[in-house]
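Thank you all for coming. Today I would like to walk you slowly through one structure, beginning with a charged pair and ending with the sheet.

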Amino acid sequence: QGSELEYIELPESLKYIGYKSFCGNSNITSLTLPKNIEEVYEGSFERCNGLLDVRFECIEATCKNYESSISPFRGTNSKTGYTVTVSADVKTIPAYMFSTGGGATDTFGCIELIFENESTCTTIKQYAFQNTRMKALVLPESIVTIERNAFDYCLLSSVTLPRSITALRIDAFAHNTTLTHV
């Protein structure tokens, strides 16, 4: 915690990121989660308040918890927010992955979600981006399912859904009081 580390380049062989592994490291500005990661534990990047960019390449990742909230990015970047870029090979964005946690009002979290060209992502799991501060969202044609509360309590004013969508679950975009265009 609290080291001078600015960029995390995790090895392709890495499969697990443990509970609060990088918690409180405010110097980290950029992070890539490589494709072979299977489990990311709660709080792994909690309070990494300098974070600006996250590249998400995980093919089969899930979020694990020890306490009540299971977001690896809970309470992250309380000043400006960060951009998440989803690799073209990613099929699913896991439940709770980028959620800042319910009720947090002083945390920005993910402010922009970018999908690479030729995206193969089909599913955004429940609470994946809950309580983040995205204002606009454009989803690729590959998306077919958005699970419950995936974008609950964001600051979305505009959402562009793909024609490919077949399942929009309960409360997927709940509590976005500034949403004016879908």
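**Charged pairs and a sheet**

Arg47 is partly exposed, at 38% relative accessibility, where buried means under 20% relative accessible area, exposed over 50%, and partly exposed in between, with a 1.4 Å probe and protein chains only. Please keep in mind that this is a predicted model, in which local features need pLDDT of at least 70 and side-chain atom pairs count only at pLDDT 80 or more, while totals for chains, interfaces and linings use all residues. Residues are numbered from 1 along each chain as its sequence is written, and side-chain values use heavy atoms, with hydrogens and water left out.

Arg47 forms a salt bridge with Glu46, their closest N and O atoms being 3.2 Å apart; by salt bridge I mean a side-chain nitrogen of Lys or Arg within 4 Å of a carboxyl oxygen of Asp or Glu. Glu46 is buried, with a relative accessible area of 9%, and Glu46 also forms a salt bridge with Arg74, where the closest N and O atoms are 2.7 Å apart. Arg74 is buried as well, at 15% relative accessibility. Salt bridges that share partners join Lys20, Glu42, Glu46, Arg47 and Arg74 into one network, and the count of salt bridges comes to 9.

Now, in what order do the strands of the open sheet run? The order of the 5 strands is S1-S3-S5-S7-S9, with parallel pairing; strands are DSSP runs (E, at least two residues), numbered from the N terminus, and two of them pair if DSSP finds at least two bridges between them.

Notes
Helix = DSSP H or I, 4+ residues; strand = E, 2+ residues; numbered from the N terminus.
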